[in-house]
Amino acid sequence: MTAPTPPPRAEQPPLTVRYFAGARAAAGRTEETASAGRRLDELVVELTERHGEQLAAVLKVASFLVDGVTCHDRRAPLPAGATIDVLPPFAGG
């Protein structure tokens, strides 16, 4: 006798990535979505593959907010449907 097949998993809502200042210029957009079920370091790899080395350079020095809270652990899982803000270092006053 075989075990019953579990029901399919519900689709997780995508992540929303919002770019600010130099990150916006490097990505060529203000916002985009990415699939859920990943960590911040994995998301950074995906965004680099999408947009190239110019954005990669910004992402190396950027700060990230996850649903408005600073994310210090790039290996922590991102909640489904979260908004990720990419904040490059800002100059000026």
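Okay, some housekeeping. What we have is a predicted model, so I only talk about local features at pLDDT of at least 70 and side-chain atom pairs at pLDDT 80 or more, while totals for chains, interfaces and linings use all residues. Residues are numbered from 1 along each chain as its sequence is written, and side-chain values use heavy atoms, with hydrogens and water left out.

Let's begin with helix α3, residues 53-61. When I say helix or strand, I mean a DSSP run, H or I with at least four residues for helices, E with at least two for strands, numbered from the N terminus. Which residues of α3 are buried? They are L55, A56, V58 and L59. Buried here means under 20% relative accessible area, exposed means over 50%, and partly exposed is in between, using a 1.4 Å probe and protein chains only. Those four sit on the same side of α3, because they cover an arc of only 165° around the axis. That arc is taken from the directions from the helix axis to the C-beta atoms. Turn to the face pointing away from the buried side, and you find the exposed residues E53, Q54, K60 and V61.

So what covers the buried residues of α3? The cover includes β1 (15-19), α1 (22-27), α2 (40-51), β3 (63-66) and β5 (83-87).

Now zoom in on L55, in that helix α3. L55 has a relative accessible area of 0%, so it counts as buried. Beyond its neighbours within four places in sequence, L55 is in contact with Y19, A23, A26, A27 and L47, where contact means heavy atoms within 4.5 Å. Also, the C-alpha atoms of L55 and A25 are separated by 8.5 Å, with the two residues 30 apart along the chain.

L55 shows up again in the largest nonpolar core, which has 22 residues. A nonpolar core is a set of buried Ala, Val, Leu, Ile, Met, Phe, Trp, Tyr and Cys residues joined through side-chain atoms within 4.5 Å. The members touching the most others are Y19, L43, L55, F64, I84 and V86. Two or more residues each come from β1, α1, α2, α3, β3 and β5, and α2 gives the largest share, four residues. Take F64 from that list: leaving out residues up to four places away in sequence, its contacts include L40, V44, L59, I84 and V86.

On to the strands. β1 and β2 run antiparallel, joined by four bridges; for two strands to pair, DSSP has to find at least two bridges between them. L15 stands opposite A34 in β2. Strand β2 (residues 31-34) has E32 and A34 on its covered face, with E31 and T33 on the uncovered one. A34 is also touched by E46, a residue of helix α2. Is E46 buried or exposed? Buried, with a relative accessible area of 15%. Not counting residues up to four places away in sequence, E46 touches S35 and R38 as well.

Most residues other than glycine have a negative phi. A21 is not a glycine, yet has a positive phi of about 50°; look for A21 in the loop between β1 and α1. D67, not a glycine either, also has a positive phi of about 50°, and D67 lies in the loop between β3 and β4 (69-70). A21 counts as partly exposed at 33% relative accessibility, and D67 counts as partly exposed at 46%.
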